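Q: Can you walk me through this model? I'd like to start with the contacts between the chains.

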Amino acid sequence: MSTKKLTQLSLLTAAALVLYVIEMQLPTLIPVPGVKLGLANIITVVAIYRFRFSETVLLVGVRIFLGAVFAGGMSALIFSASGAILSLLGMGLLKKIIPAGYLPLSSVFGAILHNVGQVGAAVWVLKSPGVLAYLPVLLVSGCITGFFTGICAQMVQKRLNCEKRLK
Amino acid sequence: MEHKHTKSIRIAAVAVAVIFVFSLVLTAGMLYQSKKGQTGRVVMIIQEGEVLYTFDPERTQDREIVITAPGGGTNTITIREGEVCVSQADCPDQICVKSGILRQEGLPIVCLPHHLMIQFEE
């Protein structure tokens, strides 16, 4: 990995981590476990289209681990990790179908898969299928927040591309 | 190529819309059901798949149950006048406390950090 790429990835990881920590400070509006804005995923969506898949996995992996260390606590790690794995795989595959100009669409898919992964992990941890009742609520909120983060990702991408042209 | 892209985008967008509407209908149905309510059902307190307590809140004297999580930490469950809620917890997100009173047919109360779930018997 070149120094330039390493620097870019580190910067984006730091940005994602900052977003994650800021979001932790926001009050929970809807007291449903798993409902959140997912601001850090703005960076994930951008990275999917900007870097190689393995590099994005690295970025997200480091962000999730450090996020748990700084704010989330280790108990949240399994839920964010399982959600992230599914959504990364999904968005990585969809990249071939959805072009870079349609980030909100890709982001919504990512959010949906993230929710599926989260609920799956919750069923596994709680060892009872009762939590499946949360899936529809999470999917509704996930579609909305995923669309929002996708719009943000589109704007970030545009600005990053501007930077490239200036050089 | 351009044409192929627009087609796949359209399929993806439709898929998203279908998932969204389907979830919305399910959620609405659940909320509607939870308003109707029924009485005389059994509440279970479940930790990692193990049922710790079962009781009928209507026929249970007011009391508090303190549950200790396997990894440390506690949730205090209060039963008062036939209603059940988590009144206190030392988990970081406090979502179980903010969930309020357990509603029949509604969503179970979940404390993910403490692997705890409170629900009406299916």
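A: First a term: a polar contact is a pair of N or O atoms within 3.5 Å; within protein, one must be able to donate a hydrogen and the other to accept it, and residues adjacent in sequence count only if both atoms are side-chain atoms. Between chain A and chain B, 2 residue pairs are in polar contact, both at pLDDT 80 or more.

Q: What kind of model is this, and how are things numbered?
A: This is a predicted model, where local features need pLDDT of at least 70, side-chain atom pairs count only at pLDDT 80 or more, and totals for chains, interfaces and linings use all residues. Residues are numbered from 1 along each chain as its sequence is written, chains are lettered from A and ligands numbered from 1 in the order in which they are written, and side-chain values use heavy atoms, with hydrogens and water left out.

Q: How many salt bridges across the interface of chain A and chain B?
A: The rule finds 0 there; a salt bridge is a side-chain nitrogen of Lys or Arg within 4 Å of a carboxyl oxygen of Asp or Glu.

Q: What area is buried between chain A and chain B?
A: About 2,700 Å², with carbon and sulfur atoms giving 80% of that. Buried area here is the accessible area (1.4 Å probe) that two parts lose on being put together, summed over both. In chain A, Pro31(A), Leu126(A) and Tyr134(A) lose the most area to chain B, together 19% of what that side buries.

Q: How many residues does each chain put into the contact?
A: Chain A gives 30 residues and chain B gives 30 residues, with contact meaning heavy atoms within 4.5 Å.

Q: Switching topic. Which salt bridges are there over all chains?
A: The structure holds 2. In one of them, Lys5(A) pairs with Glu55(A), with the closest N and O atoms 3.5 Å apart. Lys5(A) lies in helix H1 (residues 3-25) of chain A and Glu55(A) in helix H3 (residues 53-72) of chain A, so the pair ties together parts that are 50 residues apart in sequence. Helices are DSSP runs (H or I, at least four residues), numbered from the N terminus.

Q: And is Glu55(A) buried or exposed?
A: Glu55(A) is buried, at 5% relative accessible area, while Lys5(A) is partly exposed at 24%. Buried means under 20% relative accessible area, exposed over 50%, partly exposed in between (1.4 Å probe, protein chains only).

Q: What about Asp56(B)?
A: Asp56(B) forms a salt bridge with Arg59(B), the closest N and O atoms being 3.7 Å apart. Asp56(B) is buried at 14%, and Arg59(B) is exposed at 73%.

Technical notes
Helix = DSSP H or I, 4+ residues; strand = E, 2+ residues; numbered from the N terminus.
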